[in-house]
Amino acid sequence: MKTANILNTNVRWIPTVMLAYLLQTSFAGGVCCGQSVISDSDSKATPWQAQPELVRKNSERRKEFNYQESKVPEYRLPDPLMSTSGQAIVTADDWHQFRREELMSLFRNEVYGERPKIDYSLSFEQVKEKKDVWDGLATGRSMLAVVRIGDQQYRFPFVLFIPNGVDRQAPAVIHINNRYFITLEKAIEENDPFWPARTIVQRGYATATFHTSDVDPDKKDGYPRGIRAFFAGGAPPAPRAWRSLSAWGWAASRVLDYLENVSAIDVEKVAVVGHSRGGKTSLWAACEDPRFAVAYSNNSGCGGAALSRRAFGETVGRITTSFPHWFCEPFSNYADRESQLPVDQHEVMALIAPRSVYVASSDEDLWADPKGEYASLVAAAPVFKLLGKQSITESTMPALNSPRVVGSTGYHIRSGGHGLGVVDWNWFLDFTDSVLK
Ligand code: GTR
């Protein structure tokens, strides 16, 4: 029972000095924490606030964007428990049978676009397998997902590790890699902090990754070479058709389709994880696919966890201009009129309920609006409650480096800048341990 042993020995407290070291370095190594989370539930630590010097510098450098709390417009969030026609949603049945679908349609029509309703077939090719990775800890596979419509096919690669010799099915983590493709060999040799496969497996999880651009190129002009054009037979995308974020999330679901055939994996316990644009994707992937038990968005900001109405840091206007391929066309109509949006991002969290959501921010990543990322999680609480789940309700932010976990939701804000690293992963895996194991 190799996995079990490794897990036990890794459950230990991190001394403060080591924690500081881990936070300051890009420590790529491995295994360091387990139950080491400092829960802030009874802590008196000061709630996080943006560093005044950083606010000053950002405001100076990017004058057209707001970095000051005092300049956040007054806003009123749409109530996830009030239907468009003004009907209060008071039972879980009302939510499941009516309101959830209504909200999904609003997000599809106004933000992420509608996925195609075209029949396709899906198969998988195993390109390589290594049965004895990391001294027998895992089996690694290099795979191709093959999507067929008629005689045409679209393929994208993914890599997977399955823990060996475990006595019960393992939970799993699907990582949406918005930066690069990590090959099987590379993942075996280097524990890349962006996707530390070895650490994840040592913590008792299977894990898979794919690269977003292999599914739909992450470029303004990448459409003709991606899965969306493949589905559309080369025709240009309709204004409300899916865009790249939705396409990448769709691909995470195809990887999940594969995991359903792996007997060592518990498909009821699969988390979808992404950073930044990948984090926007992981949240929407979990909305579209209820098989995901957990969604983790790391530094996802505008169009991800952050409330659009705050217009703090990145705005709807800026994101839809810089990345027109991420969102369907109507989203750009809300530039500078966010208050007219029929939805806001707290309803993305609500759409994932009663499943679990974890949101992470970074102290220096004001562009992603940490306060707005936290506030949207809190604003989803009435829906978690209606569906019988506990979640974070405390409106004051936790202190820096003090994860807050309540029932189905968790949040941390880490020292440092925009990025996904070992510290984030360890706190996130502590959360999945609590909700999945
Ligand atoms: C930025 C973009 C953000 C975020 C980030 C990333 O340029 O403005 O919304 O997604 O890229 O994906 O790293």
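**Entry 1: ground rules**

I number residues from 1 along each chain as its sequence is written, and I use heavy atoms for side-chain values, leaving out hydrogens and water. The model is predicted, and I take local features only at pLDDT of at least 70 and side-chain atom pairs only at pLDDT 80 or more, while totals for chains, interfaces and linings use all residues.

**Entry 2: the whole chain**

I began with the helices and strands, which are DSSP runs numbered from the N terminus (helices are H or I with at least four residues, strands are E with at least two). The protein chain has 15 helices and 10 strands.

Next I looked up burial. Buried means under 20% relative accessible area, exposed means over 50%, and partly exposed is in between, using a 1.4 Å probe and protein chains only. Of the 437 residues in the protein chain, 59% count as buried.

Then I turned to contacts, meaning heavy atoms within 4.5 Å. Among contacts in the protein chain with a separation of 6 or more, 70% are between residues 24 or more positions apart.

I also noted the accessible surface, from the Shrake-Rupley method with a 1.4 Å probe; for residues, only the protein chains shown count as cover. The protein chain has about 17600 Å² of accessible surface, and carbon and sulfur atoms hold 50% of it.

**Entry 3: around the ligand**

Which residues surround the ligand? I found Ser276, Arg277, Lys280, Glu314, Ile319, Phe323, Trp326, Trp367 and His418. A residue is near a molecule if one of its heavy atoms lies within 4 Å of it.

I sorted this shell by class: 4 residues are nonpolar, 2 are polar and 3 are charged. Here Ala, Val, Leu, Ile, Met, Phe, Trp, Tyr, Cys and Pro count as nonpolar, Asp, Glu, Lys and Arg as charged, and the others, Gly among them, as polar.

I then looked up polar contacts, which are pairs of N or O atoms within 3.5 Å; within protein, one atom must be able to donate a hydrogen and the other to accept it, and residues adjacent in sequence count only if both atoms are side-chain atoms.
- Glu314 has a polar side-chain atom 2.5 Å from an oxygen atom of the ligand.
- Lys280 has a polar side-chain atom 2.8 Å from an oxygen atom of the ligand.
- His418 has a side-chain N or O atom 3.2 Å from an oxygen atom of the ligand.

Taken alone, the ligand exposes 320 Å², and the protein buries 82% of that.

Ser276 made me look again. Ser276 sits in the loop between β6 (265-275) and α10 (277-288). Is Ser276 buried or exposed? Ser276 has a relative accessible area of 12%, so it is buried. Leaving out residues up to four places away in sequence, Ser276 touches Asn178, Asn298, Asn299, Ser300 and His418.

Most residues other than glycine have a negative phi, and most peptide bonds are trans.

Asn299 is not a glycine, yet its phi is positive, about 50°. Asn299 lies in the loop between β7 (294-298) and α11 (316-322), and it is buried, with a relative accessible area of 1%.

Asn401 also has a positive phi, near 60°, and is a residue other than glycine. I found Asn401 in the loop between α14 (381-386) and β9 (404-406); it is buried at 12% relative accessible area. What joins the side chains of Asn401 and Ser415? A polar contact of 2.7 Å does. The two residues are 14 apart in sequence, with 6.6 Å between their C-alpha atoms.

Pro354 is in the loop between α12 (346-352) and β8 (356-362).

**Entry 4: a buried arginine and an exposed lysine**

Arg108 lies in helix α4 (residues 92-112) and counts as buried at 15% relative accessibility. Its contacts beyond four places in sequence include Glu101, Arg240 and Trp284.

Lys220 lies in the loop between α7 (212-215) and α8 (227-231) and counts as exposed at 57% relative accessibility. Beyond four places in sequence, Lys220 touches Thr321, Ser322, Pro324 and His325. Lys220 and Ser322 are 102 residues apart in sequence, and their C-alpha atoms are 8.4 Å apart.
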